[in-house]
Each structure stands twice: as structure tokens, then as C-alpha cells.
Amino acid sequence: MKRQRVSAAAARRIALAGQGFGSQRPDGSGNLGHLKRVIDRLGLLQIDSVNVLARAHYLPLFSRLGNYDSAQLDGLAWGRKSRRGLFEFWAHEASLLPLASQPLLRWRMARAAEGASKGSLQRFGREKAAYIEEVRREVEDRGAIAASELADGGPRRGPWWGWNDGKLALEWLFFAGVVTTATRRGTFERVYDLTERVLPAEIQALPTPSPEEAQRELLRIAARALGVATEFDLRDYFRLPVADTKARLAELVEAGDLLPVEVEGWNRPAYLDPTARQPRRIEARALLAPFDPLIWERDRTERIFDFFYRIEIYTPVAKRKHGYYVLPFLLDDRLVGRVDLKSDRARSKLVVPAAHLEQGIEAREVAAPMREELRLMADWLGLDGLELPTAGALGREWARMKK
């Protein structure tokens, strides 16, 4: 099949539109309907424990909606059973996903329960089956419980983030779909309960698709969210197995659900979602979290935006180039800069230790929209002030603007 050719600029706009950029933000605060539409568009929100600015799953919604009530997301994720709209599972990484996607991941749960998955957690499952069953019964008897509340959690171990046997048992049960997250507590501690007591009955009653059909639908969701993508991009979105992805992609192409394309400057074949918007221009402004699905695959980010990005949390301070928790700044269809950010709640300030422009970008075209977006973020986080740097091209431009 001859591949349609897509220019690099068109691919960039298609990718941004697929991620929900280019549409006008709601006036005022985004409502629950806005949140649900963004999450349905993205397919999932990645969860991460770093909280120097805000938890990772809150930030993609801010990037697309602006000021919104993050408590509404908490309600969708961990609220009363009758009001839930999301569930937690290992999808890209630890993720929040729409409840309708739960049947699409049951094949992965089944493989984990059968010991077919690889890794240290599965070895633990084989070696500690009797203990895992004891933990399951304790959850059944006691109800929602954190790992720290188990009667016999055992001592901490070296690997697996220092988890003890109780935490490992609960995580094995979580991966197998036997338990799920009932709520989060304190410093984001996961509280587990039997899945049947957490998820709405109508979701549990949905039929379980075959692994093949579930994988095809997950790839369709990924394709809609990405717009145009390589095989790896599509596979990485839900971390699907290599062989399964290759087989499902061939089936989707044959069915017309994906269109093979050749993208200018890409050294791999690509696939276009046939329903993808192909705007002639994108008007957007957003601070992008390190785990935002637009940029979480770093090679794709560089391929689309010519923007090299690595999070430097685990880089020694002396070797950091841009800062600890750095967010790229999207202006229209380009990544034009990046800012190191910190939420200083004791002083009620959004602190910007450093701000950097990309090569060839002028401070005068970026300074005002970036400052406005930073001010909006401070308001969203409930912080009173904004502390900007004075060094660098952006710092000097901000200082000049104040005069």
C-alpha cells in the first residue's frame, strides 16, 4: 500500500489537535463535563508521586482547560462508587483511566494472575502464593486497607522501592485485578479494596472482549490521542507487547482504522488516525508537565518539535542544565522555552528558579504569554504570588516589563 506523505508541520499540528490543543479553553473554570471530555480524548492520565509543583495527573487538565477545580478529578477517581468515572491501573505507567476502558485491560490482569507477565512482582507471586491469598482474605474481611495497616506486612525489602511483603502482595493483587484503589490517603498512600466493592456494578457487568479486540481498541484510542504516530508511539501509549502490537496494527490497517503514512523527517513508517483533525494552524498556550502525554515519549517530542527534553529530577544538582522540575512551554504549535517550577506553599508563591528560551526564539515574543500562563497556574494552585527570575533573556524581559 502506497503511503500518503505528511509534512512535518502538518504532523505537528495533527499531533497537537489529537491531544486537545487548538480548541478554546472554557471561560472561567472548567466544569466536570470539560474534565471528562479531556480525559476521554487523552485516554488516561499518568500518576506520579513527585509533588514539588502539583501531582502529575492534575497538570494535563490544567494545560488544556486552564483554571479548573482539581477536587472534581479527585471525585471522579476516588469518590463515592456511584459517582466514579475513573479507575487506577498500570496502563502507560500507573494511570487513571475512564471506567469504560476497564474491560479493555482485563486480558492484562488475567495474564498477571496466571503468572504470564515478566518481572520481579510475578516471581513474588509464584513464590508467595499462600501469603498473597492470606492478604486477599484480610482485605475481604476488613475492607479498604493500606499496606501499612496489614496485620503482618513483613519487613521492608531491598528492591522494589523498599516495599515489604504486604505491599508486594497488594500490588500483585492490584495488577491481577483482584483489588483496586478505593482511595488515596495522606501523602498519596494507596488504599486497596476488592475490585467488586469499588467499581460500579454496570462496569463489572460489561462483557470481556478478547485480548485481540481489546488491544485493537487500545490502539484506536492511542491513535486518536496521538493523531499521527509510529508503531512504537502507538505501542508505548498503553505499553502493549511488541508482537501483539504488530499483529493488531496490520489488522487495523486492513480494516481502514489506521492509514499508513510517511511523515517528512521521520525515519520510521507512521500511521494516521482517519478521523484526525488536520488544522491549518494551532493557537495554543500551555505549560506541559513532564508526564503529559503530548511529551512523555521523549524521542517523539524531539521528532515532532525538534525539542530535546529530559527530566532532571534524578540528575545531580551540579549536572542539571535546566532545573529540577522543568515544564516545556507551548506557544501555538512550537515548544519555545522551559521553566523550572516549584510551589512554595509556606510563602504562597509559585517560584520560578529558572526560565530558558529555545535557540532562535526571541524573549519579547514569549515573555508576556509565559508570564500570563504562570500567573494562571499560581491562581489555579491557590498561591498568592509569582516569583520570577531576573537572570537570562526571559528574566531581563520580565524585569523590563515591570518598569
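Colleague: How many bridges join E2 to E4?

Modeller: E2 and E4 run antiparallel, joined by two bridges. Two strands pair if DSSP finds at least two bridges between them. The E and H labels are DSSP runs, numbered from the N terminus: strands (E) have at least two residues, helices (H or I) at least four.

Colleague: What kind of model is this?

Modeller: It's a predicted model, where local features need pLDDT of at least 70 and side-chain atom pairs count only at pLDDT 80 or more, while totals for chains, interfaces and linings use all residues. Residues are numbered from 1 along each chain as its sequence is written, and side-chain values use heavy atoms, leaving out hydrogens and water.

Colleague: Back to those strands. Which residue in E4 is the bridge partner of Gln46?

Modeller: That's Ser95. The open sheet has three strands in the order E2-E4-E3, with antiparallel pairing. E2 (45–46) and E3 (86–90) are at the edges with a single partner strand each, so one side of each has no neighbour in the sheet.

Colleague: And how do E3 and E4 connect?

Modeller: Through a hairpin of three residues. Five bridges join E3 to E4 (residues 94–98), and the two run antiparallel. Leu86 stands opposite Pro98, and Glu88 stands opposite Leu96.

Colleague: Is E4 enclosed or open to the outside?

Modeller: Five of its five residues are buried, so E4 is largely enclosed by the rest of the structure. Buried means under 20% relative accessible area, exposed over 50%, and partly exposed in between, with a 1.4 Å probe and protein chains only.

Colleague: New topic: which residues of H16 are buried?

Modeller: In H16 (residues 392–402), Leu394, Gly395, Glu397 and Trp398 are buried. They cover an arc of only 165° around the axis, so they are on the same side of H16. The arc is that of the directions from the helix axis to the C-beta atoms.

Colleague: What do they pack against?

Modeller: Strand E14 (349–357) and helix H15 (363–380), where contact means heavy atoms within 4.5 Å. The face of H16 turned away from the buried side carries exposed Arg396 and Arg400.

Colleague: Last one: which residues of H7 and H8 meet?

Modeller: Tyr131, Ile132, Val135, Arg136 and Val139 in H7 meet Asp165, Gly166, Ala169, Leu170, Trp172 and Leu173 in H8. By class, that contact has eight nonpolar, one polar and two charged residues. Ala, Val, Leu, Ile, Met, Phe, Trp, Tyr, Cys and Pro count as nonpolar, Asp, Glu, Lys and Arg as charged, and the others, Gly among them, as polar.
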